[in-house]
Amino acid sequence: MQSTPILKTETPTSRVLRRFWANPAAIPSVVIIIFFALIAGGTFLLSATGHDWPCNPNQTNLELKLLPPSPEHWMGTDNLGRDVFSRMLHGASISLTVGLVAVVVSLGIGITVGAIAGYFGGITDQILMRSVDALLCFPTFFLILTVVALLGPSLLNIVVVIGLVSWTGTARLVRSEFLTLRETEYVKSARVLGQRAWHIITRHILPNAAAPILVTAVLGIPDAILQEAGLSFLGFGVQPPQATWGNIIADGKTYLLDAWWLNLFPGLAILIASLSFYLAGDALREAAESRG
Amino acid sequence: MISFIIRRLALSVVLLFIISIISFFIVTLTPGSPYPWGELNPKISAEVKANFRKKFHLDRPLHEQYAFIMRDLFTGSLRSIKDDRPVISRILERLPATVALNLTSIVISLAFGTLLGVTAARYSGHWQDAVGSFIAFLFIALPGFWITYVVVIALVKGFGVPILGTHSYGIDFPNALASGLDTLWHLLLPATILALGGIASQSRYLRATMIESLREDYIRTARSKGLSEDFILYKHALRNSIRPIIAGIGMVLPALIGGAVVIETIFAYPGMGRLGYEAVLERDYPMLVALNFVVAALVLLGNLISDLLSAAVDPRVRLE
C-alpha cells in the first residue's frame, strides 16, 4: 500500500494541552494532585477491604496521647492517642471527595441554568439571571454554614450545600458563552435544519464551551475543599470520629503550643492541595484563552 | 446619573424580594424544629407549645409565615429566639464593628493588590511575575482559620501581645488618641488576614487589565516623551486599568463577610460574622433569616456604591 504524506495538524485540544504543559506550574501541580488522588484512592480501597495502614485512624489509646512525630507515628498522635498520619490519609479522601462531588453538583446546576438562560433568552433569561444576582449577594460561607447547621452536618449534606451555593459563577459563564455561540453560523444552520433545542445545546454549543467550563471546575475543587475545612474547624463539617483535615486542626487547637504537629500537617495538606488545584486551573485557563 | 440611580434602586427592590424569599426558605424548608426545647420534650405542655407556635406564626401556611416574618423584620419586631430581643437592634449593635473591619480589609486589599498586580504586569513574563502569581495563589489557598489560629496563639500566648476583641482591657488610656490607636491596632490583624484573598484576586485581575493597557499607543507616547517608568505605570496605565477593580469592590463583600465568620470567632471580634456563628450554634431561626437578609441587602448597597465610584474614577463611564 502506498503511504500518503501525513500533513501534521494540531487539533484545538492538543494545542491547549501543549500550552498547558509548557507552563512551569503545570507539571508540579498535576504531580501533587495525582499524589493526593492516589493516597485518597488507596486509603479508601484499603479501608473498604478491612485493612488499616499504618493504623486504624480511630483507634484511641490514652497512654500514647500527644506524642511528637517518631518512626512509629510519623506525624505524632493526638489528644486521644490516635495516629495522626492515619487520620491524615483518611482526611485526604474526604477532602477530595468533597471537592469533586461539590463541583459536579455545582456544574450540573450551573450548566443547566446558564444554558437555558443563554439559549432561550427573553423573560426566562431575566428571571434566572436576576435570581443568580440575588444569590450572589449572600455571604457564601455563612450561607453554607447556616444551611449545613440546620440540615445537620453529614458528608452528603455538606457536598450538596456547597454545590447548591457555588453554581452562580458557572451559570454566568455558561450563559455568556451561549450568547456568543448562539449567533455562530453552525448553530444558525443547525436551527435552519430544524434540529431540536436539546440537540443544538448538547451537540453544537456545549462542546465549544468545554474549555472555560473545565477551568471553572478545576478552580471550584479547592474552593470546596477550603469551605469543608472551615466547616470542620467550626464543628459543622463531616462529624467525628471520621477524620478530616479540618477537624484534626479543630481537635488540636487546644494543644497548639504543646503539639504543633496537630496543626502543621493538616494545615499544610490543605494549603498544598488547594494551591495545586489553583495553579493547575490557572495554567489551564491561560492555555485555553490564548490563541496560536 | 439620577435616572441611573433610580433604575438601579428599582432593580434592587426586585433583587431584595428574591433575596427575602431565599433567606426565608433556607430556614423554613430545612428539617429540624425552631423550638428552643426538644420537640418531644414531655415536660412542655401542649399549651406552651401552641403559644410558641402562635407567637412565631408557625401555625400559619407558608406564604403567611413569609409575610409575617418580613413584616416583623421591617417593623423591627422580629425577635431572637435566644434572648427575645429584637434581631434588628442586635444586628445594628454589631454593624459599626463589621463596617470598620470590612472597610479596613478592602483598603488593605486594594493597596497591596494594586502593588502586587502592577509589579506583576511590569515584569510580565519574567521571574518577578511568576513569584507574584505564586504569592497570589498562596494567599487564596491559605486556609484562613488555620493561619489565624497560628498567628493568634503565637502572638497572645507566646508574646502576650493584646490582639483579641476591639480594644485592650484593663488599661487606662491617657487620651482619645491613644485609645483610638489601640482600636486601630486591634482592627489591623483580622483585617489583614481577611484581606489576603482580596489581595490575591485583585492583583490577578489588575495584572491582566494592566498588560492590556501597557500595549496601548498612549503608553508608547508616554515612553517616547521620556517619562519615568513609575509615572507611566501608576499615572497612565493604572488609571486606565483600575475601573473594573473599583466596580468589583461590591462583589468582594459576600466573600469578606462570609470569611469574617471564622476570623471574628477566633479573634473574639464583635462583628456580624460572630453574631451569625452564635445564631447558628443556638439555631436562632429569626436571627438567621434576618442576618442573611441584612447582609445581602448590604451587598446590594455596596454594589451600587462601587458602580458610582467607578464612574467617579473614570470619566469615560457614563451611567446610563
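Axes here are lines fitted to C-alpha atoms, for helices over the stretch in contact, and angles run from 0 to 180 degrees between N-to-C directions. This is a predicted model, in which local features need pLDDT of at least 70, side-chain atom pairs count only at pLDDT 80 or more, and totals for chains, interfaces and linings use all residues. Side-chain values use heavy atoms, with hydrogens and water left out; residues are numbered from 1 along each chain as its sequence is written, and chains are lettered from A.

**View 1. Helices α5 and α6 of chain A.** Helix α5 (residues 140-151) of chain A packs on helix α6 (residues 155-165) of chain A at an angle of about 145 degrees, and their axes are 10 Å apart. Helices (H or I, at least four residues) and strands (E, at least two) are DSSP runs, numbered from the N terminus. In contact (heavy atoms within 4.5 Å) are residues including Leu143(A) and Val147(A) of α5(A) and Ile158(A) and Val161(A) of α6(A). By class, this contact of α5(A) with α6(A) has nine nonpolar, two polar and no charged residues. Ala, Val, Leu, Ile, Met, Phe, Trp, Tyr, Cys and Pro count as nonpolar, Asp, Glu, Lys and Arg as charged, and the others, Gly among them, as polar.

**View 2. Helices α4 and α7 of chain A.** α4(A) and helix α7 (residues 168-181) of chain A pack at an angle of about 145 degrees, with axes 10 Å apart. Their crossing is left-handed. Among the residues that meet are Asp125(A) and Met129(A) in α4(A) and Arg172(A) and Arg175(A) in α7(A). The contact of α4(A) with α7(A) has five nonpolar, one polar and four charged residues.

**View 3. The contact between chain A and chain B.** Chain A gives 42 residues to the contact and chain B gives 46. The area buried between the chains is about 3,900 Å², and carbon and sulfur atoms give 82% of that area. Buried area is the accessible area (1.4 Å probe) that two parts lose on being put together, summed over both.

**View 4. The salt bridge between the chains.** Chain A and chain B share one salt bridge (a side-chain nitrogen of Lys or Arg within 4 Å of a carboxyl oxygen of Asp or Glu). The side chains of Arg204(B) and Asp282(A) form this bridge, at 3.0 Å from N to O.

Note on methods. Left-handed = near helix turned anticlockwise from the far one by under 90°.
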